[in-house]
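Visitor: Could you take me on a close look at the place where the two chains meet? I am new to this, so please go step by step.

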Number of protein chains: 2
Amino acid sequence: MNGPHPTYVDGSPAANSIRARRLGIDTRYEAVVFMHKECQICRSEGFTAHARVLLRSKNQQVIATLYQVTGGLIGHDEAILSEPAWQRLELTEGESIAVSHPAPLDSLSHIRSLIYGNQLGESAFHAIIGDIVDGQYSDIHLSSFLTACAARPLDHNEVLALTHAMVEAGDRMAWPAGIIADKHSVGGLPGNRTTPIIVAIVASCGITMPKTSSRAITSPAGTADTMETLAPVQLATADIRRVVECEGGCVVWGGAVNLSPADDILIRVERAIDLDSEGQMIASILSKKIAAGATHLVIDLPIGPTAKVRSDQAAQALAAGLASVGDAFGLKTKVVSADGSEPVGRGIGPALEARDVLAVLKCDPGAPADLRQKAIALAGALLELTNFAGPNQGEAVAAQALDGGRAWAKFQRICEAQGGMRTPPTSRQQRPILAEQSGRVRAIDNRRIGRLAKLAGAPDDKAAGLDLHVRVGDRVERGQPLCTVHADAPGELAYAFDYAAANRDIISIFEP
Amino acid sequence: MNGPHPTYVDGSPAANSIRARRLGIDTRYEAVVFMHKECQICRSEGFTAHARVLLRSKNQQVIATLYQVTGGLIGHDEAILSEPAWQRLELTEGESIAVSHPAPLDSLSHIRSLIYGNQLGESAFHAIIGDIVDGQYSDIHLSSFLTACAARPLDHNEVLALTHAMVEAGDRMAWPAGIIADKHSVGGLPGNRTTPIIVAIVASCGITMPKTSSRAITSPAGTADTMETLAPVQLATADIRRVVECEGGCVVWGGAVNLSPADDILIRVERAIDLDSEGQMIASILSKKIAAGATHLVIDLPIGPTAKVRSDQAAQALAAGLASVGDAFGLKTKVVSADGSEPVGRGIGPALEARDVLAVLKCDPGAPADLRQKAIALAGALLELTNFAGPNQGEAVAAQALDGGRAWAKFQRICEAQGGMRTPPTSRQQRPILAEQSGRVRAIDNRRIGRLAKLAGAPDDKAAGLDLHVRVGDRVERGQPLCTVHADAPGELAYAFDYAAANRDIISIFEP
């Protein structure tokens with residue numbers, strides 16, 4: 001199929017041509033290539049292990065990390081590619097690739113310039129973000145850029161330039177309506193699943209809200225995972241457009257549309273160093289929303305001792321930055337601060353959260369009051385921001401949309417338009433975790449309760465997770481269920497209980 | 001051999017036990033573990049691809065990057081380890097390891113503190129450097145630390161604390177003599193092989209100089225590679241001590257002794273981002289020398305447009321920093337600035353450089369004058385610094401030691417003490433690169449001429465490399481040999497000539 005001298009993406013002949021092989025090696029995002037240490041390309045190019053090498057197929061190219069194998073795993077005439085490298089090169093089995101030294105990364109000089117205290121202009125940020133989206137940066141380069149942005153805080157013009165570069169590096173969506181509402185949540189509170197409710201309320205008021213959401217990365221559920229138990233979410237751009245034209249809103253997975261792809265790459269590294277500089281956070285949030293075509297944006301900002309934003313002062317500075325940068329792009333932004341000290345709602349995990357969402361939308365008497373109230377507050381803020389409701393009238397209008405059944409009707413129509421409404425699955429195994437003493441609930445650890453839900457199988461098992469029966473401040477008696485773990489298999493239930501037994505203070509109780 | 005429930009380095013039972021397998025995967029330094037995506041540990045621990053995981057054997061532990069495999073490469077009951085992970089865990093084939101979540105990296109909070117502009121104290125640097133040497137930091141963490149040190153330059157006390165932490169994190173050598181001379185070269189000039197000559201001169205004057213040197217990392221030869229063509233260099237600590245007691249000096253590979261191991265880890269990342277902050281450079285240089293027991297240190301500092309240090313001003317600031325930090329550790333330091341615009345000597349590659357070293361030591365009339373002069377200047381500075389020679393007398397004393405044959409006699413005795421003097425090998429293939437035009441040599445590209453020598457096979461093929469026949473400013477005629485490429489196989493000669501043909505300006509000639 002391939003002759004001895006194929007040509008590659010840049011039209012050059014394939015001097016360093018080698019057969020590509022696939023072994024199903026998931027490296028998440030990292031492009032890795034395995035070659036025999038003694039193969040001709042490694043010898044002639046003088047490659048050493050862990051070198052960065054340029055891989056080219058007929059249509060694509062990517063920079064990969066080279067690992068060298070000495071045993072019999074790999075022949076001298078073949079290169080094994082990790083899944084991200086394979087997919088990026090759009091290869092078919094047996095195809096040849098070219099391997100060579102990559103060109104020097106000129107944009108690194110801008111990062112050094114930033115480190116040494118100089119201001120960067122538009123073109124510098126475009127060069128950096130362009131190289132990041134092209135997969136040219138290693139973790140070392142990405143971390144250096146993010147650290148430099150935190151140590152030498154970006155000024156207003158630099159954040160503008162960074163945001164602009166991030167928007168330009170991906171696709172953009174455009175909508176016929178003049179007002180496009182959007183919502184973003186900063187922190188990672190388990191169970192904080194307000195988005196489907198807010199979209200239903202806002203769209204039922206006639207305001208366009210085409211919401212693209214993410215799947216879970218490290219949490220037990222993302223909005224896309226939860227929504228998927230209620231309707232299909234993996235829609236092509238044309239289908240998203242059709243749903244929004246019909247119903248004025250949608251809740252779909254954003255992965256199918258390529259909005260601000262640099263953000264996805266940078267967020268992963270920020271998480272590893274637990275570093276969120278204000279400038280990066282503003283560019284990250286706003287670039288996604290600008291690319292999605294939003295004109296009015298409400299941001300849910302939980303403040304708490306273990307949240308991303310830990311003080312009111314930091315929240316105010318971030319809110320001011322978001323407003324001023326948003327303004328420059330014609331995006332009206334309002335930050336709504338919230339309590340970030342415990343989970344929202346009762347369910348944690350896709351189907352259990354969907355159950356809470358349905359309860360609020362259907363105005364069930366037993367619906368979680370905190371989830372309802374938070375959704376009303378955020379929807380109300382959006383209704384005021386878009387001037388659909390007058391000042392301080394937003395929450396009342398949002399509550400009417402819920403209580404009058406209009407939001408629930410709208411949500412069902414959106415689900416039908418996305419491909420048909422579904423009933424969330426229920427788990428095969430349930431077992432309660434009991435209070436070991438009587439007293440009052442002092443605290444609930446957001447991070448570890450999320451981990452417990454993941455051990456039970458969330459988000460891959462949609463029905464798995466857990467159901468909280470208490471909130472901070474509640475009085476409990478010894479032996480009373482604090483929460484119920486939901487799982488599909490007895491083994492997963494056991495993993496979760498092993499973890500709970502070793503972490504008895506996830507829900508901590510004190511005797512007054 | 002291993003029961004179902006072995007215990008591990010921390011004495012814990014091996015709940016997450018799995019059989020370790022080795023496939024000869026060279027990842028250079030990175031600990032990588034490959035496990036089946038559906039294996040019990042990945043499922044029960046909730047591991048995702050590219051997670052950082054803690055691996056424990058009976059005696060050791062290491063944090064590794066997890067790659068998940070879906071195909072048949074790997075069974076559900078086994079984990080494939082990269083060579084660095086395998087060696088660090090001191091495993092034998094078929095042994096079991098435990099895999100679990102690593103503890104949170106508390107020292108990252110110090111890096112964030114540094115980023116946000118706070119001063120770090122002794123304990124913070126000890127915590128950071130300790131975690132680095134323990135293999136806890138990923139590339140992301142290392143890069144963040146180095147970038148922060150450059151963006152928020154470390155002050156004098158911080159550089160002291162960093163240097164101290166780096167010394168403490170490894171082994172230290174102690175010597176009976178009161179004065180211990182040492183030498184360091186900052187830049188990467190090809191052929192700059194003064195060290196064996198300097199050690200011979202200084203030791204012949206009765207001053208102790210126990211020199212530990214490195215092998216090439218990215219260059220065509222390190223001092224240890226060159227010296228190895230003249231005598232064994234891989235000596236155990238006891239043997240190094242015996243050689244130095246007998247002869248007052250040695251030139252051995254430093255890899256066998258564990259001096260400032262954090263430096264080796266940090267240097268690799270600095271190279272990837274091309275970032276050398278003054279504080280890091282001072283700590284890097286001095287920690288190695290303090291750990292080696294040095295009291296008097298001369299530093300060869302090439303200055304040039306493509307060298308690490310690019311201006312006299314930067315050189316002076318670095319020299320002042322080195323002197324003041326060195327002082328605090330009782331280490332007298334002198335910086336000798338040098339021209340960094342072209343290679344030193346004629347040979348590039350282990351054996352060809354050794355030939356130049358021997359020619360200078362034997363006072364051959366054809367010995368490279370620049371190499372001789374540079375060695376005399378640096379040895380002279382050391383003789384003055386140690387008060388063996390009076391002010392401005394050092395070079396004359398050094399020249400006498402060379403011209404009187406004492407240095408050559410000392411060098412032969414050192415080689416014998418290290419295990420026996422050897423004759424450097426000669427290459428099987430030689431071919432000149434000819435001038436394509438007449439004119440004058442305008443410049444020689446240090447980086448690309450080093451790459452040419454590597455393509456010919458240096459440093460793995462000790463005889464390979466190249467021999468320069470011209471220097472900057474020389475008049476050449478069309479067809480005259482500019483240099484001769486040495487290789488062991490016709491294929492390697494061809495690789496080098498392909499590269500030379502594509503890079504005709506490595507030695508650039510202009511017609512006046």
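Guide: Happy to! Where chains A and B meet, 42 residues of chain A are in contact with 42 residues of chain B. Keep in mind as we go that this is a predicted model.

Let's start on the chain A side. Several elements each supply at least two residues to the side that touches chain B: strands S2 (25-26) and S5 (61-69), together with helices H3 (108-115), H5 (139-151), H10 (261-273) and H17 (446-455) of chain A. Of these, H5(A) gives the largest share, with 9 residues. Sorted by class, this side of chain A has 19 nonpolar, 14 polar and 9 charged residues.

Now look at the strands. Strands of a sheet pair through backbone hydrogen bonds, either parallel or antiparallel. Here the pairing goes from one chain to the other: S2(A) pairs with strand S5 (residues 61-69) of chain B in the antiparallel sense, over 2 bridges.

How enclosed is H5(B) by the rest of the structure? A residue counts as buried if 20 or more other C-beta atoms lie within 10 Å of its own. In H5(B), 13 of the 13 residues are buried, so this helix is largely enclosed by the rest of the structure.

Methods: Residues numbered from 1 in each chain as written. Chains lettered and ligands numbered in written order. Predicted model: local features only at pLDDT ≥ 70, side-chain atom pairs only at ≥ 80, totals over all residues. Buried ≥ 20, exposed ≤ 12 C-beta atoms within 10 Å, placed from the backbone. Helix = DSSP H or I, 4+ residues; strand = E, 2+ residues; numbered from the N terminus. Contact = placed C-beta atoms within 7 Å. Nonpolar A, V, L, I, M, F, W, Y, C, P; charged D, E, K, R; others polar. Pairing = 2+ DSSP bridges.
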